[in-house]
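Trainee: I have a structure open and want to go through it with you. Where do we start?

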Amino acid sequence: MSDAAIPQAERFKLSMLIYDSRYRSATIQAVVLTLVLAFVFWIVNNAVTNLAALGKPIRFDFLGDTASYDINQKLIEYSSTDSHGRAVLVGLLNTLLVAFMGCVTATVIGVIGGVLRLSNNWLVSRLMVLYVEIFRNVPLLLWIFVCMFTLTALAPQPRAFRGENPEATMKLWDSIAITNRGIYLPEPLFSRSLGNIDIGIFLISVDLLAILAVLGAGIFAARWNSKRANAIQTATGDRPKTLGVNTALIVVPVLALLVILGFHIGKPALAGFNFRGGINMSAPLIALWLGLSLYTGTYIVEAVRSGIQAVNKGQTEAASALGIRPGRTMSLVVLPQAMRIIIPQLISQYLNLTKNSSLAIAIGYMDLVSTLGGVTLNQTGREMECILLLMAIYLTISLLISGGMNWYNERVKLVER
Amino acid sequence: MADLSYVRLEMLPQKEPPRSSVGVQGWMRINLFSSGANTILTIVAAVLVLMILASILPWIFGGVWNASSLSECREIFAERYGNGTEYACWAVIKDRWHQIIFGYYAPDQYWRPVLGFLLILLAFAPVLFPKLPSQMFYITLASIFIYPWLIWGGTIWSPIIAALGVAVGYGVYVLASRALGSLIGLLLGCAAAILWWSAISGALTDALSSTIPASLETMSSLNLAGFVLSITIGIVAIAASLPLAIVLALGRQSDMWIVNKLCTGFIEIIRGVPLITLLFVATVLLNYFLPRGVEFDVILRVMILVTLFTAAYIAEVIRGGLAALPKGQYEAADALGLTYWQAQRLIILPQALKISIPGIVSNFISVFKDTTLVSIVALNDPLGIANNIRANSDWNGIVWELYGFIGLIFWIFCFSMSRYSMWLERRLQTGHH
Amino acid sequence: MKKTVFFGALVGAGLVAGASAAATLDDIKDRGKIHCGVTEGTLGFSARDSEGNHQGFDVDFCRALGAAIFNDSDAVEYIELSSKNRFTALSSGQVDLLYRTTTWTFSRDVDLKTTFVGINYYDGQGFMVPKELGVTSAKELEGATVCIETGTTTELNLADFFRVNGMSYEPLPVGGTTEAKALFEEGACDVYTTDASALAGVRAALKDPAAYIILPEIVSKEPLGPAVRHGDDEWADVVRWVQNALVAAEETGVTSANVAELAKGTDNPEINRMLGSEGSLGAMLGLDADFAVRAIAAVGNYGEIFERNIGENTPIGLARGLNALWTEGGLQYSPPFR
C-alpha cells in the first residue's frame with residue numbers, strides 16, 4: 001500500500017502541459033500571452049504599415065510647430081504664434097480648471113442636497129428627490145447644451161450695457177458683469193507690482209508668492225503662539241487669550257504687504273465690443289461647469305444620503321441622549337462616520353466628472369479634447385499621435401486620482417480590533 | 001393591604017388626538033412647519049417651485065401644435081396673445097417626432113424597430129424576472145439573430161444560417177468532446193463554427209436566398225438614427241459586453257499572474273479614458289489598425305468600442321459580485337471535486353451574476369445616456385437629428401422644444417430602468433438574509 | 001455582401017473587402033454604389049431634406065458620378081463625415097471620394113496624401129455682423145468676439161487676418177453651423193465668420209436677415225473641390241472629367257433639357273466628342289461612351305446645379321461671382337474635351 005503512494009519519476013509528456021495541474025496554469029498563461037502579444041503586434045504592424053503608406057510615420061515633432069489658432073479661455077499666456085505643444089498645455093490646464101471647479105461645486109451641491117434629502121421637511125426632501133431623478137436620468141450632454149442655451153438666451157449681451165439707460169447693469173457695485181458671453185469678475189491688481197518670474201513654461205507672479213510667504217509666516221507664528229499658550233496652560237492652568245493675537249499675526253502683515261504693493265481691485269469695463277479687464281469666465285466654461293456640477297451633484301446627493309443612512313441609528317440616539325443638538329449631532333457624530341462610506345464614492349464621482357469634462361468639445365470650451373483632439377488634430381492631420389496622446393494624458397490623470405483615492409482609503413480604513 | 005384609593009383602577013378612555021396633530025393640519029405641522037428654520041425652508045422652497053412653474057407652465061401649455069414652420073408658430077402667437085412673449089412651438093415635434101424616434105426608416109418600415117424593441121423586452125424578461133419559465137431563454141437566444149435582421153434587413157436566410165453556425169459548433173463540440181475530451185472538443189467546436197460562418201454561410205445564404213427569396217428591405221447603417229440608433233447601440237453593447245465582462249472579471253480574480261495583469265490592465269485603461277476618446281478611436285483610428293482594404297461599417301465600429309467600454313465597467317460590477325460571495329461557496333465547489341469551469345458555471349457565476357444585475361442595469365442606463373456622445377462623431381443620434389431639424393429653414397431657431405422632447409424620452413427610459421433596478425435590489429436583499 | 005456584415009461580425013470575421021488603393025473604379029463597379037463623403041449638414045451643399053434624403057450642390061456632383069458610371073443617379077451612398085474624420089475616411093477606403101466643401105491646400109494635397117481633382121466652388125472667408133454695430137469693414141473689428149466653426153481652415157485664416165492687422169479678438173469656437181447660427185443670433189458673438197457661400201445661407205436663415213450685413217472683406221482663398229485617394233489616377237480622372245463635363249456642358253449650352261437631342265450628333269465637334277457621338281473618350285475613362293449625357297441628363301450642367309441648389313432664387317441666394325464661367329468673368333473653366 002505504502003509504496004504505491006510514492007510517485008515514480010514520471011517521464012515528461014507533452015500532454016501533461018494540459019492535463020497536469022502543475023503545468024496547466026503555466027500553459028494557459030503562455031498561450032494567452034502569446035495570443036495577446038500576437039494580436040497587439042498585428043495591430044501595431046497594421047497601423048505602422050498603413051501610416052507609412054500614407055506618408056505619415058508616427059512622430060510627435062508636430063507638437064513643436066506653430067499652432068496658428070487662438071484660444072479664448074486660457075490660464076497661461078498663449079497666442080496663435082505659439083506651438084501646438086503649448087496649445088495642448090493650455091487645453092490640459094483648462095480641463096483641470098473645469099474639473100476642479102466642477103468637483104468643488106458638485107460636492108457642495110451634493111452634501112447640502114444629501115442632508116436636505118433626509119430633512120424631515122417633506123417639501124424640501126421631495127424637491128431633492130425631484131432634482132436627483134430629473135438630472136441623473138437625462139444625458140449629461142443634453143444638460144450641457146441646456147446650460148449653454150439658457151446662458152446665451154437669457155443673459156444680456158454686452159451691448160445691452162451701453163447707452164444712457166442701459167437694459168442691463170453690472171452687479172455688486174459695478175464690479176461683476178454677467179453677459180451671455182461669460183461672466184467678468186473683478187481682478188486684484190498691484191500698482192507697485194514686483195513683476196513675474198518666468199519659469200520657462202509659464203509666468204509666476206512674485207506678488208502672489210510674496211503674499212503666500214507672508215501668510216505662511218503669519219500662520220506659523222500664530223501656531224507658535226498657540227503652542228506657547230498650551231505650554232502656559234499646562235504649567236499654570238491659566239490659558240492666555242490667543243484669538244486676538246493670532247488674528248493680528250495672520251492678518252496685519254498681509255494687509256501691510258497689500259498696502260505696500262498698492263493693491264486695488266480692477267473692475268471690468270465695457271470697451272468696444274466687449275468688457276475689458278477683470279477675470280473672464282467664458283460662457284462655455286460656465287455652461288460646462290454648471291452642467292457637470294448639477295449632473296454629478298445628483299450622484300453625490302445619493303452617496304451622501306446612503307452614507308448617512310448607513311450610520312447606525314444608535315449613534316444618533318446616543319448623541320441625543322448626551323444632549324447634543326441635532327445640528328451638531330450631524331456634524332460631529334454622523335457625518336464623520338458617514339465619510340468613510342461617502343469618500344470612495346465621492347472620489348469615483350470626481351473621476352467621472354473629470355472624464356466627462358471632455359464633453360467640452362460639444363460647446364466649444366477649449367479643453368484638452370478640443371485642442372489636442374480637435375483643432376490640433378484637424379490642422380496637422382496626425383490622428384494617431386493626437387488621439388493616443390490624448391488617451392495617455394487622461395489615463396495619467398485618472399491613475400493619479402485613483403492612486404490618491406487608494407492612499408486615502410488606506411488611511412481612513414477602520415482599524416478593526 | 002393599604003388602601004389604594006389613590007391608584008386608578010380602570011383605564012381612562014382614550015382621547016381624540018389634538019386637532020393640531022392629525023389630518024392635513026397636523027401633517028403640515030409635523031412635516032412642513034415643525035420649527036422656525038423648517039418654516040423658512042418650506043416657504044423658500046414653495047416660492048421657488050411656484051416661480052419656476054409660473055415661468056414654464058404658460059410656455060408649455062400656451063404652445064402651438066398645428067403649424068408648418070417656426071415663423072407660422074410665431075404668427076399664431078402674435079395673433080393669439082398679441083405680445084412678444086415666446087411660447088412653445090410643439091408643431092416641430094408633431095412634424096418630426098418620427099425622425100427623432102425612428103431616424104430615417106421609411107414610414108412603412110417603422111414596424112421593424114418596434115417589433116425589434118418588443119422582442120428585446122421579451123428577450124430580457126427571463127433575465128429580469130426570474131419567475132418566468134426558463135424556456136424563454138430560447139427567445140433570448142433567437143433574438144440575438146432576429147433583432148439585427150429586423151434592424152438591418154436583408155434576406156431572412158442570413159440570421160437563420162448564422163444561427164445554424166451556433167448549432168453546428170455546438171454539435172461538433174458535443175460529438176468531439178465525447179471522443180476527444182472537452183478541451184479539444186471546445187476548440188473543434190469553435191473552429192467548426194468559425195469555418196461555417198466564414199466559408200460556408202455566405203455561399204449558402206446566397207444560394208438559399210436566390211431559390212427561396214424572403215427578405216426585408218435592406219437598411220443601410222447610415223440611415224440608422226434617432227432613438228433606434230441609441231437603443232441599438234445600447235442593447236448591442238450590453239449584450240455583447242456581458243460575455244467579455246465575465247471573462248475579464250474572472251481573469252482579474254484569477255491567480256494566474258499574466259492573465260490577472262492583462263485583464264486588470266485592460267479594465268483600468270478603458271476605465272481611465274473618457275468615452276469620447278474611444279469614439280474617436282472608433283471613427284478615426286480603427287481603420288488604421290486593420291489591414292489595408294479591410295473596413296467596418298462606422299456604426300459597427302462605434303458599437304465595438306462602446307462594447308469594450310461597457311465590458312470594462314460591467315467587469316468591475318461582476319467582480320464585486322464575485323467578491324461578495326462567501327468563501328464557503330468556492331470551498332464547497334472544490335470539496336465536491338468540480339473543475340474550475342464547472343465550479344464557475346454551476347456554483348459561482350449564477351450567484352455572482354444574480355447579485356450583479358442591479359449594477360448591470362445601472363450600467364445599461366449609463367451606456368444608454370452615453371450614446372448621445374456619438375453625435376459628436378457625426379452620427380445621428382437624437383441630438384444629431386435635433387441638429388438636422390434645426391438646420392432646416394422651417395425650424396431654424398427651435399431649441400427648447402426639441403431638447404425637452406428628447407430629454408423627456410430619455411428620462412422615461414432611464415427612470416423606469418432605475419426604478420426596476422432598485423426594486424430588484426430590494427428583492428435580492430430580502431432573498432439573501 | 002453588405003447584408004451579411006453584421007452576422008459576419010459576430011464572429012469577428014465581419015470584414016467587408018473595401019476599396020483597395022489601386023482600382024477604386026473597379027471596386028465601385030463591383031459594389032454597384034459609389035461611397036460619397038459629404039458634410040453632416042450644410043444647407044445648399046449637402047443636407048437631409050424633411051424625408052431624410054440628401055440634397056445639395058455637392059450631392060448633385062455625386063449623383064452625376066452615379067449617373068455617369070451606372071446610369072443611375074441614386075447609385076450613391078452618402079456618408080456624412082465630420083471635418084475631423086473626413087481624410088481618414090478617405091484614406092482608409094470608407095469613402096471613394098470627398099465632395100465635402102473641402103478646401104484645396106498644399107498640405108492637404110501633399111502631406112495628407114489626398115489628391116484634389118478640381119474645384120467645384122471658388123469660395124473665400126467672409127464676415128457677417130449685425131447692422132446695429134455700425135461696422136462697415138473687417139478692419140474695425142478690434143476686440144470683437146468671433147464665432148468660428150472649429151476644425152476648418154477658417155480658424156487659421158481668422159488668426160492670420162487679425163494678426164496681420166494687429167488686432168485682438170475673442171474666438172468662440174463652435175461645433176457646427178446650427179450652433180454657430182444660434183449663438184450669433186443671441187448675440188453671444190459680434191461676428192460670424194465662415195466661407196462666404198455658407199455665410200449667405202446662414203444670413204438667409206436668420207430671423208431677420210435685413211438686420212445683418214456681410215462685410216466686404218474676403219480674407220482667404222477657399223477653393224472647394226472633390227478629393228480622392230493619392231495614387232489612383234484612373235479614378236481621379238473619372239471624377240475630374242465628369243465634373244469638367246458639367247462645366248463644359250454649360251460652356252457649350254448643353255442642358256438637361258436638350259442633352260438627349262444633342263447626343264444624337266451636332267455640328268459642334270467638341271459637343272460630339274463630349275457626348276460620345278464622336279470619338280471614344282468614354283472608353284478611355286473606362287466608362288460608357290455616353291457617360292456625360294447621363295450625368296447631364298440626371299443633374300443638368302454646372303449652371304443648372306448651381307441655380308437649383310444655391311443660386312439666387314434659392315434661400316441661400318448666392319450670386320455666381322467667381323463661379324461664373326470664364327467667358328462671363330468668372331473662374332469656372334473646363335479643359336477641352338479632345
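Mentor: Start with burial in chain C. This is a predicted model. Chain C has 338 residues, and buried ones make up 60% of them. A residue is called buried if 20 or more other C-beta atoms lie within 10 Å of its own.

Trainee: What radius of gyration does chain C have, and why does it agree with a compact globule?

Mentor: Take the length, 338 residues. A compact globule of that length would have a radius of gyration near 20 Å, so the value for chain C agrees. The C-alpha trace of chain C spans about 60 × 60 × 40 Å along its principal axes. The radius of gyration of chain C is 21 Å.

Trainee: Which secondary structure elements does chain C have, and what share of its contacts join residues at least 24 apart?

Mentor: Chain C has 14 helices and 15 strands. For contacts, count pairs in chain C at least 6 apart in sequence. The share of these that join residues at least 24 apart is 70%.

Trainee: Which helix of chain A gives the largest share of the side that touches chain B?

Mentor: The contact takes 45 residues from chain A and 43 from chain B. Six helices of chain A are listed as giving at least two residues each: helix 3 (21–53), helix 5 (122–136), helix 6 (140–154), helix 11 (326–356), helix 12 (368–380) and helix 13 (383–412). The largest share, 12 residues, comes from helix 3 of chain A.

Trainee: How far apart are the centres of domain 1 and domain 2 of chain B?

Mentor: The assignment gives domain 1 (29–92), domain 2 (96–105 + 220–428) and domain 3 (155–216) in chain B. Take the centres of domain 1 and domain 2 over C-alpha atoms. They are separated by 37 Å.

Trainee: How many residues does each of these two domains give to their contact?

Mentor: On the domain 1 side, 5 residues are nonpolar, 2 polar and none charged. Domain 1 of chain B gives 7 residues, and domain 2 of chain B gives 9.

Conventions: Residues are numbered from 1 along each chain as its sequence is written. Chains are lettered from A and ligands numbered from 1 in the order in which they are written. This is a predicted model: local features need pLDDT of at least 70, side-chain atom pairs count only at pLDDT 80 or more; totals for chains, interfaces and linings use all residues. Helices (H or I, at least four residues) and strands (E, at least two) are DSSP runs, numbered from the N terminus. The radius of gyration is taken over C-alpha atoms; the globule rule is 2.2 Å times the number of residues to the power 0.38. A residue is buried if 20 or more other C-beta atoms lie within 10 Å of its own, exposed if 12 or fewer, and partly exposed in between; C-beta atoms are placed from the backbone. Domain bounds come from an automatic or database domain assignment. Ala, Val, Leu, Ile, Met, Phe, Trp, Tyr, Cys and Pro count as nonpolar, Asp, Glu, Lys and Arg as charged, and the others, Gly among them, as polar.
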